[in-house]
Amino acid sequence: MEVFFQQLINGVTLGSIYGLIAIGYTMVFGIIGMVNFSHGDVFMVSTFIALIALMVLTTWLGVSSILLALLIVLIIAMVFTSLISWTIERVAYRPLRGSFRLAPLISAIGMSIVLSNFVQVAQGPRNKAIDPILNSVFVLSAAGGYQVTLSYKQILIMVVTVGLLAIFWWVVAKTPLGRAQRACEQDRKMAALLGVDVDRTISITFVMGAALAAVAGTLYLVYYGVVNFSDGFTPGVKAFTAAVLGGIGSLPGAVLGGLLIGLIEVFWSAYFSVEYKDVAAFSILAIVLIFMPQGILGRPDVEKV
Amino acid sequence: MSDAILRVEHLTMRFGGLVAVNDLSFDARRGDITAVIGPNGAGKTTVFNCITGFYKPTQGRITMRQKGGAEFLLERLPDFRIARTAKVARTFQNIRLFSGMTVLENLLVAQHNPLMAASGWSIGGILGLPSYWRAEKQAIEKAAYWLDKCGLTDRADDPAGDLAYGPQRALEIARAMCTEPELLCLDEPAAGLNPRESLVLNELLRFIRREHGTSLLLIEHDMSVVMEISDHVVVLDYGTKISDGTPSQVREDPKVIAAYLGVDDSEVEKVEAEVGL
Amino acid sequence: MPLDTARAAPSPVARAVKDALFAALVAAGVFGPLLAFKTTQDMQNRLIVEPRWDLLAVVVLLVWAGRFLLSLWQARVRPETTAAIGTHLVWGLIPQSIRLVIRNGLPPAALVALFVYPMMILSLTGGGGALKWIDNFGIQILIYVMLAWGLNIVVGLAGLLDLGYVAFYAVGAYAYALIATKVIPATFPGLGVWAFWICLPIAGILAAFWGVLLGFPVLRLRGDYLAIVTLAFGEIIRLVLINWTDFSNGYEGISTIPRPSFFGIPFNASDTGFAATFGLEFSPVYRTIFLYYVIVCLALLTAWVSNRLRRLPVGRAWEALREDEIACRSLGINTVNTKLTAFAIGAMFGGFAGSFFAARQGFISPESFTFMESAVILAIVVLGGMGSLIGTAIAAVAMIGGTELLRELDWMKAIFGPQFDPVQYRMLIFGFAMVVIMVWKPRGFVSTRMPTAFLKSRRAVSSAHVKEGHG
């Protein structure tokens with residue numbers, strides 16, 4: 001039972017990170033119907049930006065309060081990652097809008113290759129590990145010689161995730177920007193005719209997705225303390241799985257899917273085998289897409305004759 | 001009626017709570033041109049999709065009876081078997097041509113099944129057996145025949161997507177005819193045609209019935225087409241059959257008039273009283 | 001933007017300067033964090049950050065200059081014609097008659113070049129560097145050409161987007177490796193020299209079987225979803241190969257895979273070896289040349305079969321499926337079987353290529369079958385122009401040959417210092433080229449489609465009509 005609780009906590013933490021990345025997939029798919037293949041690598045780039053920002057702040061500028069440093073790191077990572085995502089959309093996707101359906105997908109795969117190899121060339125292929133931060137833990141239960149712990153990191157991850165999701169939800173549900181996004185999702189041409197700046201709305205969607213990926217990237221850095229140029233693909237695919245599982249196009253679905261994928265991965269590793277945890281994630285992806293492509297909270301797609 | 005080629009019995013199709021077709025029964029006689037008409041949203045296309053296997057009906061039975069007497073329950077067949085085995089071909093309201101293939105290729109794709117057998121399920125074809133090339137030559141001849149009938153011979157080597165709207169409709173009919181159907185179902189064949197093209201279409205449909213013995217079932221909006229060429233008309237409104245008979249009978253039916261022109265409830269009662277309902 | 005042109009148009013130079021400044025600013029932001037700071041390990045193996053402002057400055061300057069020139073160039077030509085001019089810059093200048101000669105003469109000329117290539121290299125290099133040129137450029141590129149032609153059946157003809165094609169490549173490679181190292185020595189050791197020739201068809205059949213197996217569940221899926229599920233299948237197969245060590249030896253891979261023989265005569269220095277049998281001096285180059293001709297034949301077989309299939313009902317049904325699946329079903333075409341045949345035949349060629357790959361390397365491990373390989377193969381198909389064999393071959397030569405050429409750029413070390421290794425930019429440039437080519441020509445190099453039958457004359461179908469498939 002203790003093991004179960006511990007894994008539950010770990011799973012929710014991991015799931016929060018997946019959920020944050022998944023939102024980027026689900027929003028972009030919702031608005032332009034494209035699997036933004038480079039999103040996982042945008043996330044990876046954000047972990048590097050966060051790493052560099054943290055190193056500069058703590059070693060050069062001597063910021064001693066770790067929470068203050070992390071807040072600044074979070075903002076820096078969000079700003080720069082958003083800028084990168086905006087540029088990618090502008091350069092690699094926008095010229096292809098409305099053209100051949102495969103072209104944006106290939107362009108996105110190309111972008112994903114560019115991002116991971118750029119980071120490899122610019123920062124080197126080795127793992128980058130930071131000194132562990134926020135190491136204190138709360139011991140929730142120590143029955144039976146097994147400690148169930150909740151670390152400061154995990155609290156931070158959950159709090160930041162919930163806080164940012166609340167802000168994000170408010171933007172999408174209550175502001176004119178959110179309305180424009182939903183309008184573009186329904187019918188881009190009609191939205192344009194009604195005076196919605198479609199290009200701008202799509203740009204902002206990419207920026208918002210990237211900002212949330214940067215949050216995930218910062219939290220990932222804090223949680224694991226290690227980043228590598230190749231860490232974009234697998235979390236990216238898992239986050240995409242989360243988006244699909246929750247119902248692609250649905251924002252609560254992405255978060256729910258993220259949590260589920262996090263929990264499944266953690267419990268699978270704990271109770272079955274660590275080696276096959278990625279096989280489990282990929283299998284879920286395949287099974288969900290084949291048997292319930294609309295996901296848990298998505299709308300069913302009816303074939304028109 | 002013993003000479004029914006298609007018998008629809010108690011057909012019901014529900015989408016969630018919406019009843020698109022409600023307990024519909026009608027017969028299409030062999031050699032007839034049967035028209036299914038009705039206002040927008042009456043469930044005509046849904047009936048078609050049930051007959052041609054694209055929807056599985058919630059309830060009901062659809063029997064296709066071929067010349068030789070073989071009977072097929074269409075609601076139980078997968079869609080491609082309906083065309084292949086039961087010999088029911090169809091066209092689509094929003095034309096579905098293979099637009100990147102040439103006009104001729106479109107007609108060759110329609111002869112897929114006989115050609116597939118002739119190519120020895122591709123093995124003979126890869127080896128280049130002469131029997132396949134003979135079969136392909138015959139297929140091209142048959143395609144050329146239909147191109148001639150539709151006036152498309154000059155456009156045979158152009159991409160289907162290059163054709164104007166009217167010729168696209170004609171090509172879709174030719175393509176369906178290349179599967180050698182006993183029953184041809186046409187979903188709004190005259191939609192978007194100008195009056196002259198409409199006349200040519202009528203002639204083509206009559207020709208198909210006369211020379212090939214193919215029975216026709218069509219959905220139509222254009223009353224002039226319906227009244228001109230059909231032998232038998234079924235009128236749907238809100239998924240229910242409101243009238244069934246010859247064009248002149250249907251034309252006089254007050255319920256049909258009410259459904260088409262739309263009358264107040266009080267007037268309906270008046271009209272109904274007049275006809276003794 | 002119509003508003004801008006309505007106002008008094010600013011001079012193109014001023015505009016270009018403005019554009020370039022904006023681009024430079026964005027570049028500073030985009031590249032800033034990762035280029036201006038380098039994370040490295042210090043003496044205590046701790047992570048430290050070092051500034052690298054000079055590199056950032058160079059990159060930003062390059063972006064500024066590039067954008068400035070691009071803006072100037074775009075100001076001279078109207079934007080709509082930019083792409084067209086790019087395409088017809090060379091082609092348009094050539095007279096019609098010569099163009100026809102080039103178009104009709106290219107395939108035979110390429111074929112001849114393909115067959116004399118090893119001899120040419122041998123005579124040019126005098127035997128010394130020949131191995132590298134035949135192996136890295138000849139064989140390497142031809143493997144990708146064959147894989148791309150195989151995938152072209154699935155993606156280009158049938159319009160089924162497959163991102164897990166590498167799985168079949170892996171099935172073929174492991175089928176050969178396992179049968180040749182485990183099964184044959186245990187059962188018929190005498191057949192050892194024939195291992196490759198026995199396993200090649202088995203590998204193809206096994207891969208085709210896996211194609212059907214993986215194709216079956218994804219039949220209902222369309223477009224991007226199909227791509228993602230096939231990606232997942234590819235990754236599952238790779239992860240299983242990594243983790244099921246009893247079967248595949250995991251990360252270690254399988255080594256000492258028997259190399260192909262010259263129809264029973266091994267390529268070794270023994271008295272019964274190839275060199276001795278034919279009275280030649282022993283040299284490893286013979287095997288390489290032989291492998292080269294094997295892959296040439298395999299690739300040509302792929303091309304010939306897929307060309308033949310296109311003209312058969314099954315091939316027409318694939319293309320019809322790509323155009324409109326519902327119409328196919330209304331014409332009595334069994335779309336399930338049609339899709340599965342496409343998967344199976346595409347996979348079969350992947351399996352052939354895989355077993356050739358294993359025979360050429362003598363060693364395989366799951367590292368060779370990552371998602372990146374699938375992406376590269378798919379990229380070649382799309383860049384070449386879906387459905388076009390020639391375009392695909394051109395794309396393979398350009399992309400694989402181009403990146404291989406980076407290995408030959410050692411002279412750049414003289415400029416950028418001894419640490420500079422052009423090879424590490426290989427994939428970076430590859431990815432960048434994918435983006436640029438897609439933006440420049442979204443339908444690939446050869447975008448027209450040749451009809452498979454004609455009544456009077458065969459005319460190419462413009463890409464505007466050809467659909468890309470939904471499933």
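**Confidence in chain B.** I began with chain B of this predicted model, where the mean pLDDT is 82 and 93% of the residues reach 70 or more. I then asked which elements of chain B mark the lowest and the highest confidence. The lowest is helix H12 (residues 265-275) of chain B, with a mean of 59, while the highest is helix H3 (residues 103-110) of chain B, at 90.

**Chain C against chain B.** I next looked up the interface of these two chains and found 36 residues of chain C in contact with 45 residues of chain B. The area buried between chain C and chain B comes to about 3600 Å², and carbon and sulfur atoms give 62% of that area. I counted nine residue pairs in polar contact between chain C and chain B, both residues of a pair being at pLDDT 80 or more. On the side of chain C that touches chain B, helix H12 (285-310), helix H13 (313-323) and helix H14 (325-330) of chain C each supply at least two residues. The most comes from H13(C), which gives seven residues. Sorted by class, the side of chain C that touches chain B holds 19 nonpolar, six polar and 11 charged residues.

Side chains of opposite charge can pair when their charged atoms come close.

**Chain A against chain C.** I turned to the interface of chain A and chain C, where 67 residues of chain A are in contact with 67 residues of chain C. The buried area here is about 5900 Å², of which carbon and sulfur atoms give 75%. Between chain A and chain C I recorded zero salt bridges, together with five residue pairs in polar contact, both at pLDDT 80 or more. Elements that give two or more residues to the side of chain A that touches chain C include helix H2 (39-60), helix H3 (66-93) and helix H4 (102-123) of chain A. H4(A) has the largest share, with 16 residues. I divided the residues on the side of chain A that touches chain C into 49 nonpolar, 10 polar and eight charged.

**A hairpin in chain C.** I checked how strand E1 (residues 37-41) and strand E2 (residues 47-51) of chain C are arranged, and they pair in the antiparallel sense over five bridges. C:Gln41 stands opposite C:Leu47 in E2(C). The two strands form a hairpin with five residues between them, and C:Asn45 in the turn has a positive phi of about 65°.

**A:Asn10.** Last, I looked up A:Asn10, which lies in helix H1 (residues 2-32) of chain A. Leaving out residues up to four places away in sequence, I found that A:Asn10 touches A:Gln154, A:Tyr223 and A:Val266. With A:Gln154 the contact is polar, side chain to side chain, at 2.9 Å. I also noted that A:Asn10 and A:Phe267 are 257 residues apart in sequence, yet 9.2 Å apart in space from C-alpha to C-alpha.

Technical notes:
Residues are numbered from 1 along each chain as its sequence is written. Chains are lettered from A and ligands numbered from 1 in the order in which they are written. Side-chain values use heavy atoms; hydrogens and water are left out. Contact means heavy atoms within 4.5 Å. Buried area is the accessible area (1.4 Å probe) that two parts lose on being put together, summed over both. A salt bridge is a side-chain nitrogen of Lys or Arg within 4 Å of a carboxyl oxygen of Asp or Glu. A polar contact is a pair of N or O atoms within 3.5 Å; within protein, one must be able to donate a hydrogen and the other to accept it, and residues adjacent in sequence count only if both atoms are side-chain atoms. Helices (H or I, at least four residues) and strands (E, at least two) are DSSP runs, numbered from the N terminus. Ala, Val, Leu, Ile, Met, Phe, Trp, Tyr, Cys and Pro count as nonpolar, Asp, Glu, Lys and Arg as charged, and the others, Gly among them, as polar. pLDDT is the predictor's confidence in each residue, from 0 to 100. Two strands pair if DSSP finds at least two bridges between them.
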